[in-house]
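Good morning. I have one structure to go through, and I will keep it short. Please have a look at it before I start.

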Amino acid sequence: FHTTQMSTEPWDSRISAPITRTPHAVPHTPGYYAKCMFGGVLSCGITHTAVCPLDIVKCKMQVYPDKYRGLMNGFSTVLKEEGAAGLRLGWAPTAIGYSMQGFCKFGFYEYFKDFYANLAGEENASKYKGLIWLAGSASA
């Protein structure tokens, strides 16, 4: 006969998993959240900015289908008529906007997962883990 006994010490989702109390590999400190935010800036800002030239050609193909008949043709037409600067249009607002989006999504998701888990309590955090992660994602 085996019984599960909860620890009498308060549980904190920033430090360990519910029920098993297995410590997180990295405690969820303000530094941890900052690293998540920085990772969001890098992953969203850089990747979306990198595809700006492709987006420029795609948009020109949609607006001027007779002039820009394909992807390779579109790139060469832009380069001939506008030079390399023609492929850099919109990179700054894209970099800023998507960096901000990644900052918020990655960092606040982690924060809100911990916040809602602590709000729910150890037992409910374990039982409703998926819903808590969903709420964290929606809040970010």
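Is Lys58 buried or partly exposed, and what is its relative accessible area? Bear in mind that this is a predicted model. Lys58 is partly exposed, because its relative accessible area is 37%, and buried would require a value under 20%. The residue sits in helix 2. Between the C-alpha atoms of Lys58 and Thr29 there are 43 Å, with the two residues 29 apart along the chain.

Next, helix 1, residues 30-50. With 21 residues at 1.5 Å a residue, helix 1 should span 30 Å, and its end C-alpha atoms are 30 Å apart, so the two values agree. Its buried residues include two tyrosines, Tyr32 and Tyr33. Cys36, Met37, Gly40, Cys44, Gly45 and Thr49 are buried in helix 1 as well. The cover over these buried residues includes helix 2, residues 52-63, and also helix 4.

That brings me to helix 4, residues 91-120, and its contact with helix 6, residues 129-139. The two axes come within 8 Å and cross at roughly 135°. Helix 4 is therefore oblique to helix 6. As for handedness, the crossing of these two helices is right-handed.

Which residues meet there? On the helix 4 side they are Tyr109, Phe112, Lys113, Tyr116, Ala117 and Ala120. On the helix 6 side they are Ile132, Trp133, Ala135, Gly136, Ser137 and Ser139. Sorted by class, this contact has eight nonpolar residues, three polar and one charged.

That is what I have; I will take questions now.

Conventions:
Residues are numbered from 1 along each chain as its sequence is written. This is a predicted model: local features need pLDDT of at least 70, side-chain atom pairs count only at pLDDT 80 or more; totals for chains, interfaces and linings use all residues. Side-chain values use heavy atoms; hydrogens and water are left out. Axes are lines fitted to C-alpha atoms, for helices over the stretch in contact, and angles run from 0 to 180 degrees between N-to-C directions. Helices (H or I, at least four residues) and strands (E, at least two) are DSSP runs, numbered from the N terminus. Angles under 35 degrees count as roughly parallel, over 145 as roughly antiparallel, 65 to 115 as roughly perpendicular and the rest as oblique. A crossing is left-handed if the near helix is turned anticlockwise from the far one by less than a right angle, and right-handed if clockwise. Contact means heavy atoms within 4.5 Å. Ala, Val, Leu, Ile, Met, Phe, Trp, Tyr, Cys and Pro count as nonpolar, Asp, Glu, Lys and Arg as charged, and the others, Gly among them, as polar. The expected span of a helix is 1.5 Å times one less than its number of residues. Buried means under 20% relative accessible area, exposed over 50%, partly exposed in between (1.4 Å probe, protein chains only).
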